[in-house]
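Please look through the structure shown below and keep it in view while reading this briefing.

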Amino acid sequence: MQYNKSLRNVAIIAHVDHGKTTLVDALFRQSGVFRADQRVDERIMDTMDLERERGITIAAKNCAVTWNGIKINIIDTPGHADFGGEVERSLSMATGAILLVDASEGPLPQTRFVLRKTLEAGLPVLVVINKIDRKDARPQEVLNDVYDLFIDLGADERQVEFPVLYAIGRAGVAMRALDDPQQDLTPLFEGIVGKLPPPSYEPDEPFQMLVADLDYSDYLGRLAVGRIMHGTVFARDALVCMCGDGRQKPLRVTKLQVYEGMRLKEVEKASPGDIVVLAGIEDVTIGDTVCTRENPRALARIRVDEPTVAMRFGINTSPLAGREGKIVQSRAIWERLNRESLRNVAIRVEETDEVFLVKGRGEFQMAILIETMRREGFELSVGRPEVILKKDGQGAVLEPVEHLCVDCDEMFMGVVTDKLAQRKGRMLNCVNSGTGRVRLEFSVPSRGLIGYRDEFLTDTRGTGIMNSWLEGYEAWRGDFLTRFSGSIVADRPGYAVAYALFNLEPRGVLFVEQGDPVYEGMIVGEHNRDNDIDVNATKEKKLTNLRAACKDENVILTPAKKMNLEHALHFVREDELVEVTPKAIRLRKMELSAQKRYQSAGVRRKG
């Protein structure tokens, strides 16, 4: 076994909003990637529009910096459990990890999720306590919490004896001790080089590379990204791709590239341990092995957790279909979903008679996929997220259960506990630190959390924080109501009229405004009772030839509640759909005809 000491492959793992991307910006600046006078945007690793808007990392990305002649490949991983597939495939390229923890919040549920994956991969960890300049920072208590977390996750002695640094990512400084002078990130660079191991390889083994990511170029076609496990590769080499079913596909490397900063640099040769981008492979999937034709041997494929949530995707069949989107065909939606499943190992797609079943880690991952397709010009309709059930050996139904961690003001503890108990949640722990806020831990079925986040923010007046991770499958905990209100459904096509909406306001909360197009079966509001009602949202005031002073009154409507995508997915019931177009998000009944809905309801009552 030998080591490529001129390389380090480091994955940065952290909970959402703990400063990971900001710290990577500082590493870029202090490693000489940018000129001193070069203007650079903040959070440059957030390349997707959705990442910049939401302030989170959605897709794992690669970059590289050089420090004292040593190349450091940095793998930026998502911090949300819904994007766990990105974490698992990116860790396959790393030989060490940096765990970033907020000095005030400490390790949170998503920290636990990504750290568990890191420890399972056997990677050594460098812990960085970030944001020590916060007024409520408590670095020593957080460090003790990190030790407890490592022990709780079953880390071995080597992993528990991790090195610790303290940092202020926004200021670009790191220290070995809290009282050290705050200068720059040199201690972090030295920690990466000195504490994290270089990639190892067998000098006598032929070339092998595990495909961990896919990309596409208009000029080069499909691109395969991965770490060279053994051997050396040259541009224009004749290789073979080992597929998951055992097939071997011959290929020739048309272009060989490595990371330099945020960009790709073309090279003629790449050494063992480096992360490379190969062009010339048209039919390749994540987990395949690229190796020599003389010694075709496959590496262990990337294993990911099973999906727990499924959603039904289909074409837009409403009367407004085709007016706002460019891509409306069923085949185009199927091809787009297939492309997503190739790049995201946590997503699986199945084709049924009328719709496409998409399986993933959570409703947030599904919402990001739908929003991305919407911005690409797709029109589609999607159903409510549903959990994927299993059965044990005795035939009993099992459902996914999540460990939920809630941080809220003490005054909201009662309502949060009551709402989660209604959703079959069980309290596991309650910690009151005496600061006015409490930390609660629950075991809750995954189906109980679908749609609860919006209700939670309302109950805690926007001050509560909730995070969860999948614990596993347990016995079915019984049925419960997730929505106590009905729907206000339009019974005819047209445009919403102020007079009609004003008279509907006592019935509940409306989703449409004056002038919005409506059609039969479209949901125009939330009924304040538990049943659905059909209404005429296009009704105009009758006109007469009588005129009198003050006869006509000025109609002032309450502002409509405009649904965003996540709210809409949480709101709809099993018999309802979300109509998604580039310009609008509408709610509708699966069966648009009021008469057919009435007839089917009568059949269900008799049955």
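How many cavities of 30 Å³ or more does a search of the whole structure find? The search finds one. This is a predicted model, in which local features need pLDDT of at least 70 and side-chain atom pairs count only at pLDDT 80 or more, while totals for chains, interfaces and linings use all residues. Residues are numbered from 1 along each chain as its sequence is written, and side-chain values use heavy atoms, with hydrogens and water left out.

**The cavity**

- Rolling a probe the size of a water molecule over the atoms shows where empty space is left.
- A cavity is a set of points, on a 1 Å grid over the protein atoms alone, where a 1.4 Å probe fits but cannot get out; points are joined across faces, edges and corners, and the volume is the space filled by probe spheres set on them.
- The largest cavity holds about 50 Å³ of space, and its lining, meaning residues with an atom within 4 Å of a point, consists of K419, Q422, R423, E455, L481, T482 and F484.
- By class, this lining has three charged, two polar and two nonpolar residues, where Asp, Glu, Lys and Arg count as charged, Ala, Val, Leu, Ile, Met, Phe, Trp, Tyr, Cys and Pro as nonpolar, and the others, Gly among them, as polar.

**The open sheet**

- Strands of a sheet pair through backbone hydrogen bonds, either parallel or antiparallel.
- Strands here are DSSP runs of E with at least two residues, and helices are runs of H or I with at least four, both numbered from the N terminus; two strands pair if DSSP finds at least two bridges between them.
- An open sheet is formed by seven strands in the order 3-4-2-5-6-7-8, with mixed pairing.
- Strand 3 (61-67) and strand 8 (173-175) are at the edges with a single partner strand each, so one side of each has no neighbour in the sheet.
- On average, neighbouring strands of this sheet are turned by 30° against each other, direction ignored, with axes taken as lines fitted to C-alpha atoms.

**Strand 6 and its partners**

- Strand 6 (residues 125-130) pairs in the parallel sense with strand 5 (residues 96-102) over six bridges, and the bridge partners include I98 with L126 and D102 with N130.
- Strand 6 also pairs in the parallel sense with strand 7 (residues 164-168), over three bridges, and I129 stands opposite Y166 there.
- Six of the six residues of strand 6 are buried, where buried means under 20% relative accessible area, exposed over 50% and partly exposed in between, with a 1.4 Å probe and protein chains only.
- V125, V127 and I129 point one way from strand 6, whereas L126, V128 and N130 point the other way.

**Individual residues**

- K71 lies in strand 4 (residues 70-76) and is buried, with a relative accessible area of 16%.
- The side chain of K71 makes a polar contact with the side chain of D274 at 3.4 Å, a polar contact being a pair of N or O atoms within 3.5 Å, of which, within protein, one must be able to donate a hydrogen and the other to accept it, and residues adjacent in sequence count only if both atoms are side-chain atoms.
- A polar atom of the K71 side chain also lies 3.2 Å from the backbone oxygen of Y259.
- H527, in strand 34 (residues 522-527), counts as buried at 3% relative accessibility, and its side chain reaches the backbone oxygen of N531 at 2.7 Å.

Notes. On a 1 Å grid over the protein atoms alone, a cavity is a set of points where a 1.4 Å probe fits but cannot get out, and a pocket is an open set with protein on both sides within 12 Å along at least five of seven lines; lining residues have an atom within 4 Å of a point. Axes are lines fitted to C-alpha atoms, for helices over the stretch in contact, and angles run from 0 to 180 degrees between N-to-C directions.
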